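Subject: Structure handover

Hello,

Here is the structure for your files. My notes on it follow below.

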Amino acid sequence: MSETVEISTLLERGGCYDWVAGAALADVLQNLLSRVLLPGGLSAETVYTELMRRETLMSTACGNGCMLLFPNTLLLDDPAQECLVVCYPKTPLDVKAFDRKPAAALFVLLVSSPERHLQAAEKLAQYMQDTAFTALLREHAAKEALCAYCKTADTAAKKN
């Protein structure tokens with residue numbers, strides 16, 4: 001397997017976007033993707049289409065006010081282009097989460113292999129269950145604060 005996925009590195013490349021307008025997921029994603037500098041020459045239209053296609057199969061709502069969006073097919077082939085975009089919608093979205101909490105933090109994950117997707121998704125799932133991380137999300141934390149959390153959490157995990 002390739003090197004370990006570092007969420008902080010993915011976040012550095014993708015960034016955080018606050019107060020993204022839209023009444024529904026489709027609107028928020030369109031508004032978000034129009035602002036994001038996408039890697040690998042990807043177009044906002046391609047990423048939007050693939051994220052929405054995946055969402056029609058089954059909601060990627062994770063509960064706890066979070067949603068982890070990702071395409072069903074790989075759009076990148078270079079780990080150096082991978083990114084994680086965090087979006088705080090202006091209005092939390094009803095995405096039919098199992099816990100019925102609206103999504104107030106959307107994560108868009110773009111990686112280059114199924115193995116790297118699983119690594120990143122596993123780490124994010126752990127973070128999303130941590131009260132310190134979810135408190136940061138409720139505060140609409142900036143990229144720097146989220147990266148600092150991820151680096152600290154990863155260092156602690158390596159020691160255990």
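**The sheet**

Strand β3 (residues 66–69) and strand β5 (residues 105–110) run parallel and are joined by four bridges. Within this pairing, Cys 66 stands opposite Ala 105 of β5. Two strands are said to pair if DSSP finds at least two bridges between them. Strands here are DSSP runs of E with at least two residues, helices are runs of H or I with at least four, and both are numbered from the N terminus.

Five strands make up an open sheet with mixed pairing, in the order β1-β4-β5-β3-β2. At its edges are β1 (15–20) and β2 (61–63), each of which pairs on one side only. From one strand to the next, the twist averages 20°.

**Where the values come from**

This is a predicted model, in which local features need pLDDT of at least 70 and side-chain atom pairs count only at pLDDT 80 or more, while totals for chains, interfaces and linings use all residues. Residues are numbered from 1 along each chain as its sequence is written, and side-chain values use heavy atoms, with hydrogens and water left out.

**Helices α1 and α6**

Helix α1 (residues 7–14) packs with helix α6 (residues 143–159) at an angle of about 165°, and their axes are 8 Å apart. Axes are lines fitted to C-alpha atoms, for helices over the stretch in contact, and angles run from 0 to 180 degrees between N-to-C directions. The two helices are therefore roughly antiparallel to each other (under 35 degrees is roughly parallel, over 145 roughly antiparallel, 65 to 115 roughly perpendicular, and the rest oblique).

On the α1 side, the contact (heavy atoms within 4.5 Å) is made by Ile 7, Ser 8, Leu 11 and Glu 12. From α6 come Lys 143, Leu 146, Cys 147, Cys 150, Lys 151 and Asp 154. Five of the contact residues are nonpolar, one is polar and four are charged. Nonpolar covers Ala, Val, Leu, Ile, Met, Phe, Trp, Tyr, Cys and Pro; charged covers Asp, Glu, Lys and Arg; the others, Gly among them, are polar.

**Two single residues**

His 117 lies in helix α4 (residues 114–128). With a relative accessibility of 17%, His 117 is buried (under 20% relative accessible area; exposed is over 50%, partly exposed in between, with a 1.4 Å probe and protein chains only). Leaving aside residues up to four places away in sequence, His 117 touches Phe 70, Leu 109 and Val 111.

Asn 160 is in the segment after α6. Its relative accessible area is 82%, so Asn 160 is exposed.

Regards
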